[in-house]
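Please look over the sequence and the three-dimensional model shown here before reading the briefing that follows. The notes are grouped by topic, so that each can be checked against the structure in turn.

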Amino acid sequence: MSDDKTVTDFSEVSIDPTAAEMLQIAEERGIETVFSRVREIKPCSTGATSGCCKVCAMGPCRVIGKYERGVCGATRETIAARNFLRQVAAGAAAHSDHGRDAALALKAIAVGEIEEGTIADEIKLVRVAGYLGIDPTGKDVMTLVGEVADAALAQFGQQAGELAYVARAPKKRQELWRSCGVMPRGVDREIVESMHRTHVGTDQNYHSLLDGAIKCALSDGWGGSMLATDLQDILYGTPKAIRSSANLGVLSESKVNVVVHGHEPLLASMIIDATREPVMTELAKSLGADGINVVGLCCTANESLMRQGIAPAGNMLHQELAVLTGAVEAMVVDVQCIFQGLDDVSSHFHTMFVTTSPKAVIGNSLHIVVDEHRPREAAREIVRRAIENFPNRKDVHIPNVSEPLIAGFSHEYIRYMLGGKMRASLNPLNENIVNGRIRGVAAVVGCSNARSVQDFAVVNIVRELIANNVLVVATGCAAITSGKHGLLTPETMEYAGETLREVCETVGIPPVLHVGSCVDNSRILTILADVVATGGLGDDIAGLPAVALSPEWFSEKALDIATYVVGSGAHVIFSGVGSPVANSPIVEEYMISGWTERYGGSLRFIKEPQDAVVAALDLIDNARKALKIDVPQERVLFDMDMRREL
Ligand code: SF4
Ligand code: MSK
């Protein structure tokens with residue numbers, strides 16, 4: 001991206017044409033956005049590479065250039081590893097607290113606190129009870145709901161032993177975690193211990209700090225996040241294939257638009273229910289609207305897309321752009337990845353900016369808490385106020401751009417697609433990996449980042465991987481990006497390599513599968529463990545021809561996800577911005593070779609998307625060789641002209 005502050009060629013900041021349309025409006029009206037501020041503010045090169053330590057008041061110490069140690073003697077390695085562990089702990093805390101909220105919502109239903117509280121998937125309730133060591137025999141649904149909620153909540157506060165869900169990992173992996181001393185005991189315990197380890201004067205050996213990062217992240221991947229996914233499936237339904245469409249064109253000219261943004265499905269589901277009440281529709285009509293249109297952003301979008309088909313208006317970088325259409329009556333947010341800039345952008349329009357989590361009050365937002373105690377009442381109030389805001393609309397400009405998509409490929413639905421109801425299994429997937437029709441599996445996950453050209457890396461990487469017969473599973477904002485660019489439909493087969501196309505045609509799945517939100521990366525762990533259990537591809541996740549890529553990562557949660565994926569035995573490649581530990585080449589290298597030796601997985605930061613694809617194919621092909629299932633495969637690598645054309 002150009003560093004020129006006067007840049008107005010918006011195609012330089014995003015390959016999504018709606019961004020250019022909206023940013024033109026922002027420029028004309030003198031409204032700042034993340035896209036304008038990113039050109040004004042240069043990232044701090046010391047902080048970006050972890051050259052700075054500020055854990056005590058003898059510092060902050062900038063250990064760069066001629067300096068090899070901070071005032072206390074801490075080395076570059078210690079500082080880089082300590083900062084990294086703190087970031088992982090913050091990410092794990094965010095994801096896990098999301099899981100805790102799902103458990104609290106379940107508990108509130110069990111004790112009758114939520115008016116009309118329902119359970120959407122009783123089959124999953126019974127399965128999850130089994131994972132948590134509860135015998136469901138002879139218990140009525142609400143008794144079981146209460147026991148599952150209590151057992152789930154206990155996982156957070158557990159002080160000793162092992163998290164219940166680690167038993168879902170391959171046996172060999174569990175033994176490795178025990179022998180490396182990184183078996184997670186309790187979710188909160190590992191996060192708190194990480195903060196303790198990184199307090200001044202505590203853990204100061206980078207190997208130990210990085211093992212701490214693995215343990216903390218595993219407590220989320222096989223704990224907090226996995227619980228969040230499972231409990232949300234019980235509450236709101238286990239996703240199955242569902243049609244919708246994505247991008248700003250899903251906003252309506254004639255209806256009241258309510259945008260739900262953030263991460264937790266509780267908010268979206270309550271808002272959606274409220275908009276369906278006849279009294280609300282009548283109120284909307286009486287004020288000149290044709291009805292009420294709920295759309296999503298970020299991972300709230302993913303959660304409600306997968307279960308109710310609610311259309312995503314965009315990924316994380318689309319949040320301010322949605323308001324710039326002038327068509328949003330209410331921007332309703334819960335937690336994580338919400339820009340404070342939304343407060344300012346909304347103030348230029350009639351948009352009501354509503355925060356709903358007791359944990360997240362932002363600027364001058366209207367704060368109406370939607371929690372497990374009074375969710376319906378609060379949701380009704382928000383929807384009513386959004387409708388009453390409709391007559392305040394002025395100029396509206398909605399880009400006429402959206403793409404159809406299919407989402408909702410949960411682990412359960414993939415098994416069903418591959419084997420039918422009676423023989424649901426991953427057998428066809430494993431067979432086609434072994435025979436080479438599917439070269440490997442890549443998870444393309446994570447965010448969008450204003451320091452990269454929006455969507456460019458995700459679209460290129462996905463297209464290049466499927467052209468090389470690699471099946472892609474996508475989560476988070478990368479999944480929405482794929483949807484916005486038409487990559488989540490069966491028609492995407494036309495871009496796939498010949499053998500992958502054959503498999504997708506036979507089974508009836510697209511080559512890019514929407515698997516869920518960022519918390520749902522736990523679904524990918526479940527799929528990988530199931531691939532191992534299905535057989536024919538070794539006895540551990542390490543060694544599978546599978547790789548994860550996060551092409552436009554931005555959050556601490558992304559580092560946490562990467563770390564639990566590495567700890568689970570898979571290789572991860574981040575691109576876009578550089579390595580957050582680059583100030584210590586020793587730590588950078590250890591995350592590649594040291595972690596591979598110890599855990600069978602690695603974390604690499606490879607800035608350019610084309611280099612990331614080459615590295616991903618190398619890792620997949622090397623795994624195939626080691627498994628002795630390599631078949632000669634051509635490589636289709638895109639040149640610069642092909643990328644530009646995309
Ligand atoms: Fe500096 Fe050491 Fe304090 Fe960090 S802990 S700020 S390196 S003195
Ligand atoms: S919302 S963490 S930008 S995926 Fe989950 Fe998107 Fe990344 Fe936030």
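## Helix packing and overall build

In this predicted model, the buried residues of helix α6 pack against α4, α5 (122-131), α8 (187-197) and α9 (206-236). The protein as a whole is made up of 25 helices and 16 strands. Its radius of gyration is 24 Å, close to the 26 Å that the globule rule gives for 646 residues, so the protein is as compact as a globular protein of that length.

**The protein as a whole**

- Taken along the principal axes, the box filled by the C-alpha atoms of the protein is roughly 65 × 65 × 55 Å, and 61% of the 646 residues count as buried.
- Among the contacts between residues at least 6 apart in sequence, 75% join residues that are at least 24 apart.
- The accessible surface of the protein comes to about 23400 Å², and carbon and sulfur atoms account for 51% of that surface.
- The side chains include 60 that are positive and 80 that are negative, and the centres of these two sets lie 4 Å apart.

- Helix α4 covers residues 76-110, and its 35 residues should span 51 Å at 1.5 Å a residue, which agrees with the 51 Å between its end C-alpha atoms.
- Helix α4 is mostly covered, since 25 of its 35 residues are buried, and just after this helix G112 takes a positive phi of about 75°.
- Helix α6 (residues 141-157) has 17 residues and reaches 25 Å from its first C-alpha to its last, which is close to the 24 Å expected at 1.5 Å a residue.
- The buried residues of α6 are L144, V145, G146, V148, A149, A151, A152, Q155 and F156, and these buried residues pack against α4 as well as α5, α8 and α9.
- As background to such a list, an α-helix has 3.6 residues a turn, so residues three or four places apart point the same way.

- Helix α19 (residues 476-484) is mostly covered, with 9 of its 9 residues buried; the buried residues are G476, C477, A478, A479, I480, T481, S482, G483 and K484.
- Just after α19, G486 takes a positive phi of about 70°.
- A246 belongs to strand β3 (residues 242-246), and because its relative accessibility is 0%, A246 counts as buried.
- Leaving aside neighbours within four places in sequence, A246 is in contact with P312, V401, S402, E403, L405, G483 and K484; G483 and K484 are also among the buried residues of α19.
- A246 and A149 are 97 residues apart in sequence, and their C-alpha atoms are 34 Å apart in space; A149 is one of the buried residues of α6.

- T563 is found in helix α22 (residues 556-567) and is buried, with a relative accessible area of 0%.
- Not counting residues up to four places away in sequence, T563 touches F84, V88, A213, I214, A217 and W595.
- T563 and T49 are 514 residues apart in sequence, whereas in space they are 18 Å apart, C-alpha to C-alpha.

**Backbone features to inspect**

- A cis peptide bond, with omega of about 0°, joins G59 and P60, and P60 is found in the loop between β1 (52-53) and β2 (61-62).
- C298 has a positive phi of about 55° although it is not a glycine; this residue is placed in helix α12 (residues 298-308) and is buried, with a relative accessible area of 1%.
- Q336 likewise has a positive phi, of about 70°, although it is not a glycine, and Q336 is found in the loop between β7 (330-333) and α14 (341-347).
- Q336 has a relative accessible area of 17%, and because buried means under 20% relative accessible area, Q336 counts as buried.

Key:
Residues are numbered from 1 along each chain as its sequence is written. Chains are lettered from A and ligands numbered from 1 in the order in which they are written. Side-chain values use heavy atoms; hydrogens and water are left out. Helices (H or I, at least four residues) and strands (E, at least two) are DSSP runs, numbered from the N terminus. The radius of gyration is taken over C-alpha atoms; the globule rule is 2.2 Å times the number of residues to the power 0.38. Buried means under 20% relative accessible area, exposed over 50%, partly exposed in between (1.4 Å probe, protein chains only). Contact means heavy atoms within 4.5 Å. Accessible areas come from the Shrake-Rupley method with a 1.4 Å probe; for residues, only the protein chains shown count as cover. Lys and Arg count as positive and Asp and Glu as negative; His and the chain ends are not counted. The place of a charge is taken as NZ of Lys, CZ of Arg, CG of Asp or CD of Glu. The expected span of a helix is 1.5 Å times one less than its number of residues.
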